[in-house]
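Dear colleague,

Please find the structure below, together with a short account of what was found in it.

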Amino acid sequence: MFFFILNLGRKGISISSLFSNKWAVKMRNACHLAAYPYLCASFMKPIQQIYPLLTQPRNVVITMHQKPDPDAMGSALGLFHFLVQFDHKVTVISPTNWADFLKWMPGCKDVLDYESQREKADPVLDNADWIFCLDFNALHRTKYMAPKLEHSKAIKILLDHHEEPHTSSFQYGISVIPKSSTAEMIYDFIVESGHADKINLEIAQCLYAGVMSDTGSFRFPVTTPSVHTMVAELKKKGLNHSKVHEEIYDNFLENRLRFMGHVLANRMEVFYEYNTALIAIPKGDIIRFHIKTGDTEGLVNYPLSIKGIKMAALLIDRDEERRWSFRSKDEFDCNSFARTYFEGGGHYNAAGGRSSLSLEENVRQFKEALKDNVLQLQ
Ligand code: MN
């Protein structure tokens, strides 16, 4: 089986088109992770072809998914601090604003917010030779930036670990679904291109934040030996990992903790017959507790700490739409669930979704969807 898949990959056939997600996960467990870099998806040329070009200065833009999390922002800034060492002119552009707990990251104050600084960002995008697209699988994940990226003449380079990448949107790239984080992929990019000596403290801090966050502080099954090897190397660069942890997780205001208490006490419903818990948050709660971007980060993980719970879902009434987050344990496929019922996707054990319907209608649909999935949830 191992060699069969490997050969398909080398012929450039996308694995996601050949196997179901569940299959891919079984394979991932059966095969050694080292096989995956060879599973180059169709359309994109291999990322290795970029390596010899790194020493020729270019105009570079780095972008990531909207509302960047620590992995998206950490990958982008980690790559930024690498590329500037080759005299590239590098600009990081985020599709939207980001949480306050990312603002400590070196270089973060120079990141452009496409939503509020479009006049500044558009000319930079127009002049770009390369656009690195990090931690997302399809251009629509960049919200209002998507049309601009679609029509850009720049070479688009993808580095990502989300399921089912739209590989036809990128000229070069690598998508390695079993990787812990895009931060780990940036680390691999630096090391494999032969420039491990360029990893400095700034890069170490940014990449550590990404891998720590996407592995749930090294707890999720994606935490491979290579993750710990990478962290060991980052420590050798002088990384203070406790400080990074504090900056990300101990940097909220009082209102956020009171909000958490409120929603856990009053907005959580547990469906023991489906081993599932749901937190549905009306807009009034967001307003009452002055909740900002990033304040709901991590909330979806709390119900998973209830004994026996296999899936946790979080539904939030945002201004323009209702947003879903899903987390699971064991063999429940959040990516497929989010894709099937809520216009979303992501990873096997962590995915997101959206809906333009009301909060109540979403809750009703969710309960119906649980009935369809009763066998997988028991
Ligand atoms: Mn990620």
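How many bridges join strand 11 to strand 13, and in which direction do the two run? Strand 11 (residues 322–328) and strand 13 (residues 350–355) run antiparallel and are joined by six bridges. Please note that this is a predicted model, in which local features need pLDDT of at least 70, side-chain atom pairs count only at pLDDT 80 or more, and totals for chains, interfaces and linings use all residues. Residues are numbered from 1 along each chain as its sequence is written.

Helices (H or I, at least four residues) and strands (E, at least two) are DSSP runs, numbered from the N terminus; two strands pair if DSSP finds at least two bridges between them. Arginine 323 has arginine 354 of strand 13 as its bridge partner, and arginine 327 stands opposite alanine 350 in that strand.

Strand 12 (residues 345–346) is also antiparallel to strand 13, with two bridges; in one of them, glycine 345 is partnered by glycine 352. Three residues separate strands 12 and 13, which form a hairpin.

The open sheet comprises six strands in the order 8-9-10-11-13-12, with mixed pairing. Strand 8 (268–271) and strand 12 each have a single partner strand, so one side of each is left without a neighbour in the sheet.

Elsewhere, glutamine 378 lies in the segment after helix 14 (374–377). Glutamine 378 counts as exposed because it has 9 C-beta neighbours inside 10 Å (exposed: 12 or fewer other C-beta atoms within 10 Å, C-beta atoms being placed from the backbone).

Kind regards

Key: A residue is buried if 20 or more other C-beta atoms lie within 10 Å of its own, exposed if 12 or fewer, and partly exposed in between; C-beta atoms are placed from the backbone.
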